[in-house]
Amino acid sequence: ANLYSKATGLDVTHIPGAGASGGLAGGLMVGLGAVVRRGIEIVADANNLEEKMAKADVVFTGEGCVDGQTFNGKVVEHVVKAAKKLSVPVIVLCGRKMDLPPLEYPIFDLASMFLMEQCLKNPQECLASLIRAKISEFPILGQINQ
């Protein structure tokens with residue numbers, strides 16, 4: 001990063017995506033005028049994610065462990081924000097959830113109902129059972145074709 005700054009007069013250490021020390025992204029930005037985008041933005045655009053979400057009754061997203069990092073630039077955060085923008089209900093599925101502040105949407109965690117061994121052995125059945133158990137709490141789930 002210091003070399004980039006000396007050679008070009010540009011400080012890439014404060015550019016999101018350039019990396020703390022400039023890294024490859026910083027070099028490409030300075031040397032070639034590259035634009036750095038988050039991976040989820042590229043994948044979402046390439047797959048018309050928002051267009052598909054707009055047609056959905058409910059959106060499911062998730063990751064293994066939902067914690068404070070989940071809503072700091074990860075895929076789940078992107079999907080939740082897009083669903084909110086489109087006024088589509090969103091449900092986050094995860095293996096377990098850590099201490100979180102109250103959120104505007106539900107988080108279903110497998111650890112609340114199953115042992116880890118069960119989840120690893122038969123994740124599809126565990127997820128289906130978890131969703132069936134939550135249907136009464138979230139009426140939108142009862143309207144989905146099963």
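This is a short talk on one predicted chain, from its overall layout down to a few single residues.

First, the ground rules. The model is predicted, so local features need pLDDT of at least 70 and side-chain atom pairs count only at pLDDT 80 or more, while totals for chains, interfaces and linings use all residues. Residues are numbered from 1 along each chain as its sequence is written, and side-chain values use heavy atoms, with hydrogens and water left out.

Now the layout. The chain has eight helices and three strands; helices here are DSSP runs of H or I with at least four residues, strands are runs of E with at least two, and both are numbered from the N terminus. In sequence order the pattern reads α-α-α-α-β-α-β-β-α-α-α.

Of the 146 residues, 28% are buried. Buried means under 20% relative accessible area, exposed means over 50%, and partly exposed is in between, with a 1.4 Å probe and protein chains only. Among contacts with a separation of 6 or more, 46% join residues 24 or more positions apart, a contact being heavy atoms within 4.5 Å. The accessible surface is about 9500 Å², and carbon and sulfur atoms hold 56% of that surface. Those areas come from the Shrake-Rupley method with a 1.4 Å probe; for residues, only the protein chains shown count as cover.

Next, helix α7, residues 123-134. Its 12 residues reach 17 Å from first C-alpha to last, close to the 16 Å expected at 1.5 Å a residue. The expected span is 1.5 Å times one less than the number of residues. Which residues of α7 are buried? They are Cys126, Ser129, Leu130 and Lys134. These four cover an arc of only 130° around the axis, so they sit on the same side of α7. The arc is taken from the directions from the helix axis to the C-beta atoms.

On helix α2, residues 23-32, we find Leu24. Leu24 is exposed, at a relative accessible area of 65%.

Last, two backbone points. Most residues other than glycine have a negative phi. Asn48 has a positive one, near 50°, and lies in the loop between α3 (39-46) and α4 (49-54). Asn48 is partly exposed, with 41% relative accessibility. Ser87 also has a positive phi, about 60°, without being a glycine. Where is Ser87 found? Ser87 is in the loop between α5 (75-86) and β2 (90-97), and at 66% relative accessibility it counts as exposed.
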